[in-house]
Amino acid sequence: MVNMEKIKYLAGSALKLDYDLGQKVFDLVRESSRRANEISKTYPDEGLEATFKEYKPERVWGEANLLLEVFFAFDGERLVGTAFLSKKNCDDLPPGTGAYLGGLYVHSEYWKKNVAPTILDKIKDHARKKSIKIIRGDTTIYPQTLKFYEKHGFRLGEEIFWEVLPGVKMKYYKMELALTDAIKK
Ligand SMILES: CC(C)(COP(=O)(O)OP(=O)(O)OC[C@H]1O[C@@H](n2cnc3c(N)ncnc32)[C@H](O)[C@@H]1OP(=O)(O)O)[C@@H](O)C(=O)NCCC(=O)NCCS
């Protein structure tokens, strides 16, 4: 049994973004994605496996200059949730007003327990404090993931395709959330 009261939410700025933590992110992304895909058969397996190179521990912090913050959920030493907020893909917006949400993954044993909504709340609070008005991203198209983002106010936009292997195209949707609420106390 998972004891949700034991889950600790930490910001990357409070941790060392080293290889070991990168390995935990890599393991989490693989587990969560494989399980989601096993359920919905959304993507070809070889395409999905090829996407994981983005999260290799030796390169996951590679765009650190673009990172605004990283969000983690831990059950003891076990990483069970993660998300990245960065300055990627926001060049068309007034400087400092946009942020890109990537890598929101929760370990499948911890799904449906409010981990992702808690991380998302922390992301929104952080973004508001930085005067960010728009959070955007490219979402995977697993039904549970689309439902999650729509429920939390993201507007889904155009389809995009990543040819991750020759002839293997992975579909995503662009998405956007306008931050209008006041900062929570
Ligand atoms: C999308 C994802 C991050 C959601 O994470 P999560 O922590 O399970 O999110 P929630 O806690 O909101 O749970 C989802 C559902 O469980 C329900 N739920 C939450 N707590 C619950 C509880 N205690 N008991 C029963 N149901 C519960 C939620 O209401 C929600 O239901 P709904 O879909 O009918 O609205 C997770 O499914 C995931 O990691 N997916 C695979 C990776 C992925 O695609 N990531 C996005 C990359 S862009």
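Modeller: Helices (H or I, at least four residues) and strands (E, at least two) are DSSP runs, numbered from the N terminus. In those terms, Lys112 lies in the loop between β4 and α3. The model is predicted, so local features need pLDDT of at least 70 and side-chain atom pairs pLDDT 80 or more, whereas totals for chains, interfaces and linings use all residues. Residues are numbered from 1 along each chain as its sequence is written.

Colleague: Why does Lys112 count as exposed?

Modeller: A residue is exposed if 12 or fewer other C-beta atoms, placed from the backbone, lie within 10 Å of its own, buried if 20 or more do, and partly exposed in between. Lys112 has 9 C-beta neighbours inside 10 Å and therefore counts as exposed. Its phi is positive, near 60°, although Lys112 is not a glycine.

Colleague: Which residues surrounding the ligand are the closest?

Modeller: The closest are Trp111, Lys112, Val115, Ala116 and Thr145, among 21 residues that surround the ligand. A residue belongs there if its C-beta atom, placed from the backbone, lies within 6 Å of the molecule. α1 (19–40), β4 (98–106), α3 (115–129) and α4 (143–151) each supply at least two residues of this shell, and α4 gives the most, with 5 residues.

Colleague: What makes up the shell around the ligand by class?

Modeller: The shell has 10 nonpolar, 7 polar and 4 charged residues. Asp, Glu, Lys and Arg count as charged, Ala, Val, Leu, Ile, Met, Phe, Trp, Tyr, Cys and Pro as nonpolar, and the others, Gly among them, as polar.

Colleague: Which residues of the largest nonpolar core touch the most other members?

Modeller: They are Ala83, Leu85, Leu101, Val115, Ile119 and Ile123, out of 32 residues in that core. Among the elements that each supply at least two residues of this core are β2 (67–75), β3 (78–86) and β7 (168–178), while α3 gives the most, with 6 residues. Leaving aside neighbours within four places in sequence, Leu85 is in contact (C-beta atoms, placed from the backbone, within 7 Å) with residues including Leu101 and Ile123.

Colleague: How many bridges join β6 to β7?

Modeller: Two strands pair if DSSP finds at least two bridges between them. β6 (residues 155–165) and β7, which run antiparallel, are joined by 8 bridges, and Ile160 stands opposite Tyr172 in β7. The hairpin of β6 and β7 has 2 residues between the strands, and Gly167 takes a positive phi near 80° there. β5 (residues 134–139) and β7 also pair in the antiparallel sense, over 6 bridges, with Met175 as the bridge partner of Gly137.

Colleague: What pairing does the sheet of 7 strands have?

Modeller: The pairing is mixed, and the open sheet has the order β1-β2-β3-β4-β5-β7-β6. β1 (7–11) and β6 stand at the edges because each has a single partner strand, so one side of each is left without a neighbour in the sheet. β4 and β5 pair in the parallel sense over 3 bridges, with Ala99 opposite Ile135 in β5.

Terms used. A nonpolar core is a set of buried Ala, Val, Leu, Ile, Met, Phe, Trp, Tyr and Cys residues joined through C-beta atoms within 7 Å. Two residues are in contact if their C-beta atoms, placed from the backbone, lie within 7 Å.
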